[in-house]
Amino acid sequence: MAPSHKIPVTVLTGFLGSGKTTLLNQLLESDLMANSAVIVNEFGAISIDAELVVGVDETILQINNGCICCTVRTDLVSTITNLFSGTRPISRIVIETTGLADPAPIIQSFIVDEVLSATTILDAVVTVVDAAHIDRWLADQSSGENVAAEQIAFADIAVISKLDVVGEEGSAKCEATIRAINPMVRVIRPTEGRVNVASIVDVKAFDLRNCLTIEPQLLSNLEHEHDLAVASVEIREEHPLDGPRFFRWLNAFVQSNGAALLRTKGILSLAGEARRWVFHGVHMTLEGRPGRAWAATEPRTSAIVFIGKGLDPARIRNEIAELTQPDASLVA
């Protein structure tokens, strides 16, 4: 059944590793987000981000194995259509896109598609900007289209992340970079890592006229092509990993491939550990923490994704498979 009024949609973008899922989890903690439906899109076939969304009352849907701005746009339309066919009330929709998504075709879908335009209304395009890496992202002109720049250009709201890493000077420099690309954007600097939810949802910030200024062909056929050198390597390992050996391997792998490694993330099943281990990284940086405990009936499977250029999938999978056994040299 179609909703009796148009449902507001927040599109959450930001380049790989910028902090979109962290922001989404903050949003979902707020009462303002009650009865929200969340759509998470990932570049590869394995979903990591969807498992890290901590909302309790929200409907979490996944669109995997492609980028929402191109190959799976029809999935976006059908997913939202199916949402409205259910019995659960939906007050808003939040879409977390893959870090490689160009916002323009996504915006176009909500304006041009008859079903979406009749049932939804864009509230805001929110882009998370990684202050520690944005200069590096913007400098990459290898594919002809700079996705990080496109994400900032089409943003109604830009949230600066990694402020604890760059400090006040880096924050000011990042904001100047953002405004040089998009003078009209609202820039938000989180306070102690947190954002005021009311500054992001129900703000009616989407501006079609500004979008048409950036992309005059927005309402006609748009094509988006990714850098073909960028690929996703996905690993599922059903046997528990030997923790010390895996982390030694991971650190060495990241250090030797950091320049080509755009994004690293995973949920690990470690031998002897009752809790999952969650990690992620951008280039040569890595962060990890214990996650929730494995449920008794839950398959204890490690899911790992690397996104980058020139990666060797067979070698990576073989090396990780070898890390399911303790180091023989340490066994007495």
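**View 1. Strand β9 is a mostly covered strand.** Eight of the eight residues in β9 (residues 261-268) are buried, where buried means under 20% relative accessible area, exposed over 50%, and partly exposed in between (1.4 Å probe, protein chains only). Before looking further, please keep in mind that this is a predicted model, in which local features need pLDDT of at least 70 and side-chain atom pairs count only at pLDDT 80 or more, while totals for chains, interfaces and linings use all residues. Residues are numbered from 1 along each chain as its sequence is written, and side-chain values use heavy atoms, with hydrogens and water left out. Strands (E, at least two residues) and helices (H or I, at least four) are DSSP runs, numbered from the N terminus.

**View 2. β9 pairs with β12 and with β10.** Two strands pair here if DSSP finds at least two bridges between them. β9 and β12 (residues 302-309) run antiparallel and are joined by six bridges; L261 has G308 of β12 as its bridge partner. Six residues separate β9 from β10 in a hairpin, and G272 in its turn has a positive phi of about 80°. As a reminder when following side chains, those in a regular strand alternate between the two faces of the sheet.

**View 3. F110 belongs to the largest nonpolar core.** A nonpolar core is a set of buried Ala, Val, Leu, Ile, Met, Phe, Trp, Tyr and Cys residues joined through side-chain atoms within 4.5 Å. The most comes from α2, with five residues. Which residues does F110 touch, not counting those up to four places away in sequence? They are V9, L76, I80, I95, L116, S117, T120 and L122, with contact meaning heavy atoms within 4.5 Å. A second, separate core holds 22 residues, including L16, W137, V147 and A155.

**View 4. Q151 is a residue of helix α6 (residues 147-153).** Is this glutamine buried or exposed? Q151 counts as buried because its relative accessibility is 1%. Leaving aside neighbours within four places in sequence, Q151 is in contact with T13, G14, F15, T98, G99, A101, P103 and T127.

**View 5. E192 and D202 are both in the loop between β7 and α8.** This loop lies between β7 (186-188) and α8 (208-214). Phi of E192 is near 50°, a positive value in a residue other than glycine. D202 is not a glycine either, yet has a positive phi of about 55°. E192 is exposed, with a relative accessible area of 81%, whereas D202 counts as partly exposed at 43% relative accessibility.

**View 6. The whole chain has ten helices and twelve strands.** Of its 332 residues, 52% count as buried. Among contacts between residues at least 6 apart in sequence, 75% join residues at least 24 apart. The chain exposes about 15400 Å², with carbon and sulfur atoms supplying 53% of it; accessible areas come from the Shrake-Rupley method with a 1.4 Å probe, and for residues only the protein chains shown count as cover.
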